[in-house]
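Here is a short briefing on one protein chain. It starts with the surface and fold, then turns to selected helices and residues.

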Amino acid sequence: MEESFVPLRGIKNDLHGRLACYKQDWTGGFRAGIRILAPTTYIFFASAIPVISFGEQLERNTDGVLTAVQTLASTALCGIIHSIVGGQPLLILGVAEPTVLMYTFMFNFAKDRPDLGRNLFLAWSGWVCVWTAILLFFLAILGACSFINRFTRVAGELFGLLIAMLFMQQAIKGLVDEFRIPERENRKALEFSPSWRFANGMFAIVLSFGLLLTALRSRKARSWRYGAGWLRGFIADYGVPLMVLVWTGVSYIPYGSVPKGIPRRLFSPNPWSPGAYDNWTVIKDMAHVPLLYILGAFIPATMIAVLYYFDHSVASQLAQQKEFNLRKPPSFHYDLLLLGFLTLLCGLIGIPPSNGVIPQSPMHTKSLATLKHQLLRNRLVATARKSMSQNASLSQLYGSMQDAYQQMQTPLIYQQQSAKGLNELKDSTRQLASSMGNIDAPVDETIFDIEKEIDDLLPIEVKEQRLSNFLQATMVGGCVAAMPLLKKIPTSVLWGYFAFMAIESLPGNQFWERILLLFTAPSRRYKVLEEYHTTFVETVPFKTIAMFTLFQTTYLLVCFGITWIPIAGVLFPLMIMLLVPVRQYILPKLFKGAHLTDLDAAEYEESPAIPFTLAAQDIDVAMGRAQSAEILDDMVTRSRGEIKHLNSPKVTSSGGTPVAELRGIRSPSISEKAYSPRVTELRHERSPLGGRSSPRTGETRPSKLSDGSTPK
């Protein structure tokens, strides 16, 4: 995104870019066919279940003025409007926890004021939304979203992990509450006796952990050994919502032999109940709010505007991370402007506003990346089988798949050109084809295993379209009418789903991966190299990784502690925003520029796995020489995957030779993915370039591993 603080320029650029691809946003979704239902259903449950839980929380905190009916209506209305006229369709909107906290604070303030009270609470909240919308309009017009460029990976991933912690906290808190008597309940009821409360709590643990474990397991169904391919694919696509239904069914097994309230289930009034729709006409009461409170509404509006600006923009940023290889332009400024209109609309009809939410937005993008992978894979499998039937050689087979891949790309001038086509063939496949005596000889599946190797050829791409967002928001709206059915879901299933969302958001978060690395035994750290791993593992000394991770963890715990402070806890995003000057002015004084760039890279790909036998053999050699030395301490090579621009002002790592520089030197039969400077050093062989070359200076330096020294 281009930084521009010229009034309206950012909005104009966003509209120009997104209007050009608006038609393809819809046609691309419809062309996906029935497969679009998989990410739609997945994100629908991820969006609806937290909103229902937040609605229950609001119902308790506002004495029934706001309920799950209003939170669902807001999520559906804002989601549908955003999916149709919004800029970035990957962004998911919903009522979030900060909104619940702010509305709780405003209700507690209003109910004790004789000239406001419970009756004028929604009218006063409407004025708060009016002020909030005005502030969001100014932020969007003046290009405030340009500051989002300053939020590097360290801020985004810390915020994402903080949200995961809050979801997990809500799951744990909910499970603990299953052993307690809810507020405003008859304490003398049979189900609230000590023995039945204990039974309810234990049953809740079974239901929540059952959902958590089966949902996580079902997401990996495609790699199962058993079952037909279509069945494994169906479970992987629809397993999570299916598990919600299954464990809801399990909750009815003891029905009739336990008191009626065990297990506890969702509570919300039906939308047609008396008083459930009074909020829709709140605009007529706004004129009755005293002028002093209308002006005073600016204070909470400022807090909400800052929250929405940050949450909405960061949620959009996390949904558009560079590793997703999105080809359509972003839309930060226009989406913030639209959020202002949506906030105004919600305030005038008496429902809490919705904004961009985490982790649902990046989860939506990941699910669409899976969809795009499936569509491309089906096309390439058919192309490969057709080429084999025509006795094609390996190079001809690869060429035909490359052509098919390019045909699947939408050739629109507004889209960024794909940075790369298919990944290169594995070295083992090339060598096997060469062993046949003639590289141009026809190949079959004994040489090129279609089902296995095509997955390695496909780069990460996302099916960018509007249909899935529109459908999931429409389904959320359908939940309002289906409230009698939703009230059959046990609350413990909700807590399990909260935990599932927290865990599901962790893969791909480098901060989380570094935390796991700290807990990995030194003698087992080489295992990291045997899997797809983040590339700083090979470019940054372990002690630097540990120091950086400990700093980030301390900062995370401070932010998490702030969320426990009443009222002020909603301002925790300000701590995240403070990371911008911390990253620019403080961290460069604590860490080397090259290491900091690698640890906080804005763009990256993962390095390929080192084969098990090769890694084990080489690490054994290193262990024999370095003995008790830290294995990762000397990993300062540059077998990276990070996308570094030659004109980037950042300082690049001085650790080794970029793979691209080796392309013209090594044999074409050897894939660059198979080459690892680290492995070469551990074998005590000479690098193809004679040593490790610094991308900054071009200087070639010998490895320090042979003399047992560690980086300074």
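The accessible surface of the protein chain is about 31,500 Å², and carbon and sulfur atoms hold 64% of that. Such areas come from the Shrake-Rupley method with a 1.4 Å probe; for residues, only the protein chains shown count as cover. The model is predicted: local features need pLDDT of at least 70, side-chain atom pairs count only at pLDDT 80 or more, and totals for chains, interfaces and linings use all residues. Residues are numbered from 1 along each chain as its sequence is written, and side-chain values use heavy atoms, leaving out hydrogens and water.

**Overall fold**
- The protein chain has 28 helices and four strands. These are DSSP runs numbered from the N terminus (helices: H or I, at least four residues; strands: E, at least two).
- Of the 712 residues in the protein chain, 55% are buried. Buried means under 20% relative accessible area, exposed over 50%, and partly exposed in between (1.4 Å probe, protein chains only).
- Among contacts with a separation of 6 or more, 83% join residues 24 or more positions apart. A contact means heavy atoms within 4.5 Å.

**Helix α1**
- Helix α1 (residues 9-20) has twelve residues and spans 17 Å from first C-alpha to last, close to the 16 Å expected at 1.5 Å a residue. The expected span is 1.5 Å times one less than the number of residues.
- G10, I11, D14, G17 and R18 are the buried residues of α1. They cover an arc of only 135° around the axis, so they sit on the same side of α1. The arc is that of the directions from the helix axis to the C-beta atoms.
- K12, H16 and L19 are exposed on the other side of α1.
- Cover for the buried residues of α1 includes α2 (22-31), α6 (121-141) and α12 (332-348).

- Y334 lies in helix α12. Y334 is buried because its relative accessible area is 15%.
- Y334 and I11 are 323 residues apart in sequence, yet 4.8 Å apart in space, C-alpha to C-alpha.
- Not counting residues up to four places away in sequence, Y334 touches I11, D14, L15, V85, G86 and G87.
- S316 is in helix α11 (residues 298-319). S316 counts as buried, at 2% relative accessibility.
- Leaving aside neighbours within four places in sequence, S316 contacts Q88, L91 and F332.

**L231**
- L231 is in helix α9 (residues 229-250). At 35% relative accessibility, L231 counts as partly exposed.
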